[in-house]
Amino acid sequence: MGLSDLLAPSGREYFALFEQAGTNVLRAADLLDQMLATYPDRRELASDILVCEHEGDRITHDLIQHLNNTFVTPIDREDIYRLAGALDNIVDYTEEVADYLGLYRVEAPMVQAQQMATILHRSCREIAQALPLLRGFRDISPHTIEINRLENEGDRLTREAMAALFDNGIDPMVVIRWKDLYERLEDAIDATEDVANIMEGIVIKNR
Amino acid sequence: MLAERSDQPQPAARLSSSGGERVRIALIDRDPGFMQVLSRRMGERGWDHTIVGSPVTPEALVRMRLHALVVDTAVVGPDCWAYLEAVCARLPALPVVVCTGPSSVAQRVRGLRLGADAWVTKPCHPEELLCVIEAAMRRHRRRELALLEPPTVVGELTIRPELHQAFVGEASVGLTAREFEILELLVHSDRVLRREEIYERVWGYAMAHGDRSVDVFVRKLRQKLHAASPGWDYIHTHFGVGYRFAPVPSSSPSEEAQAPAARSVSPPVGQAEGDAEAERVLTSPAPDRER
């Protein structure tokens, strides 16, 4: 790496890596959506989601590595760290849901979990569409507004799903399993909102 | 006077449920002293028991998956006749023993006619009550066995409860225990069974709203039945209600049985509701957001 590379604020690599992360996040969420919609027929999708999780780790590692090797960055270092971490969180939580379905020996899905996975998928699609717009710090507000709306719907669904678990006479094992799974799904959806907020901050600061 | 240990049951007289699992008894009673001695003796027999101080709904009794119920009608109060009738109607296979204080002949006759298996008057010896419960359970088990012994033939299927399996000719359909329980439940019901009802009866708990377990297992069951007996439709979906068993020769190959969990397949009720909800979630207009 030459001196010019260290000093020049070329953001191509960062933006390319963020776009890769966006594609990876979308793929993981799409797979989880499919897995829950068809559960238990396509349980093997969990291993594809695990591949996404490894790919997310690889991208985050590359981003941090790149950050450590350059002095000048196209956007705040702190923002790069936070965005990389938030994108990674989405895939991590998504993978946990897929993993726990097998670990907890879940026999059949819950309608609410299927709906939450669909919301996560939609949010990730918005993220994947918004990330390329960061290159020119263009307006991403239609995407972030939609992500926030979906997150609100996710919150409402989680509350309803949790309440349904505590009706009288439900198998305690069902409660233990699904409370955990709903929390992970909610964490994943919350992480999409974190990404939206960080992206929004980056655009505002650099316009 | 007989020594305390002399009236203990002989090992041969001990009873477990037909499946070999622990006997589960519920006692609706508020007499702490009597409950204490009964509890000890039931513990010695290896029975699981639950003591409740107030009447439990018949639905809750279904979920408890009991082998017998003991009721003190005094605890239930003036509604005891309606309660007894409701419990015996909802759970015809459950042995019910009334154990209560002094009563008239008319009361005992009424209780027994409403479906109670036996009437024991307090004060009574705990061993006597336990023997009456055992006798009631034995009678029910004999009746169940008599009912179960002949295999049920429906369409091309032969259902053999003693083997916990269904057959087409000599070939096993390859049902799992849970699939067989659902099939047997549907076969012996002449009406549409709600998903919640199937879940309660097979899983032994209340069904959580949104739980798709019944749909998943019925789908697997249908796939296996279709593979073993392709010319027949056995399980029919009643949208918004549940499932009904009725063997009919199929006019066209069953789409649902052939398409496992494709996303394009019309979902059953629970999911249909869920999909409608998801659609509403995802198409509702974005709320104005403070920026």
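**Note on the predicted two-chain model**

1. Chain A contains 7 helices and 0 strands. Helices (H or I, at least four residues) and strands (E, at least two) are DSSP runs, numbered from the N terminus. The order of elements in chain A, from the N terminus on, is α-α-α-α-α-α-α. This is a predicted model, in which local features need pLDDT of at least 70 and side-chain atom pairs count only at pLDDT 80 or more, while totals for chains, interfaces and linings use all residues. Residues are numbered from 1 along each chain as its sequence is written, and chains are lettered from A and ligands numbered from 1 in the order in which they are written.

2. Confidence in chain A. The predictor's confidence in each residue is given as pLDDT, from 0 to 100. Chain A has a mean pLDDT of 92, with 95% of its residues at 70 or more. Within chain A, the lowest confidence falls in helix H1(A) (residues 3-7), with a mean of 48, and the highest in H5(A), at 97. Where pLDDT is low, the predicted coordinates should not be read in detail.

3. A residue is buried if 20 or more other C-beta atoms lie within 10 Å of its own, exposed if 12 or fewer, and partly exposed in between, with C-beta atoms placed from the backbone. By this criterion, 48% of the 207 residues of chain A are buried. Two residues are in contact if their C-beta atoms, placed from the backbone, lie within 7 Å. Of the contacts in chain A between residues at least 6 apart in sequence, 85% join residues at least 24 apart.

4. Helix H5 of chain A. H5(A) covers residues 111-130, that is 20 residues, and spans 29 Å from its first C-alpha to its last, close to the 28 Å expected at 1.5 Å a residue. The expected span is 1.5 Å times one less than the number of residues. H5(A) is mostly covered, with 18 of its 20 residues buried.

5. Nonpolar cores. A nonpolar core is a set of buried Ala, Val, Leu, Ile, Met, Phe, Trp, Tyr and Cys residues joined through C-beta atoms within 7 Å. The largest such core has 90 residues, and those with the most contacts inside it are Val25(A), Leu32(A), Leu120(A), Leu185(A), Val195(A) and Met199(A). Helix H7(A) (residues 172-206) gives the most to this core, with 14 residues. Beyond its neighbours within four places in sequence, Leu32(A) is in contact with Ile49(A), Thr94(A), Val97(A), Ala98(A), Ala117(A) and Leu120(A). A second, separate core of 32 residues includes Met64(B), Val70(B), Val87(B) and Val97(B).

6. Overview of chain B. Chain B has 11 helices and 12 strands. Buried residues account for 30% of its 291 residues. Among the contacts in chain B with a separation of 6 or more, 60% are between residues 24 or more positions apart.

7. Parallel pairing around E1 of chain B. Two strands pair if DSSP finds at least two bridges between them. In strand E1(B) (residues 24-28), 4 of the 5 residues are buried, so E1(B) is largely enclosed by the rest of the structure. E1(B) runs parallel to strand E2(B) (residues 48-52), joined by 5 bridges, and Arg24(B) has Asp48(B) as its bridge partner in E2(B). The chain passes from E1(B) through helix H1(B) (residues 32-45) to E2(B) in a right-handed β-α-β crossover. A crossover is right-handed if, with the strands pointing away from the viewer, the path from the first strand over the helix to the second runs clockwise. E1(B) also pairs in the parallel sense with strand E3(B) (residues 68-71) over 4 bridges; there, Leu27(B) is partnered by Val70(B). Val70(B) is also listed in the second core.

8. A further β-α-β unit. Strand E4(B) (residues 96-100) runs parallel to strand E5(B) (residues 118-121), with 4 bridges between them. Thr121(B) in E5(B) is the bridge partner of Thr100(B). E4(B), helix H5(B) (residues 105-114) and E5(B) form a right-handed β-α-β unit.

9. Antiparallel sheets of chain B. An open sheet of 4 strands has the order E6-E7-E8-E9 (chain B) with antiparallel pairing. Its edge strands are E6(B) (152-154) and E9(B) (171-172), each pairing on one side only. Within it, E7(B) (residues 157-160) and E8(B) (residues 165-168) are joined by 4 bridges, and Ile159(B) stands opposite Ala166(B). An open sheet of 3 strands, also antiparallel, has the order E10-E12-E11 (chain B). E10(B) and E12(B) (residues 242-249) pair over 2 bridges, with Leu193(B) opposite Tyr243(B).
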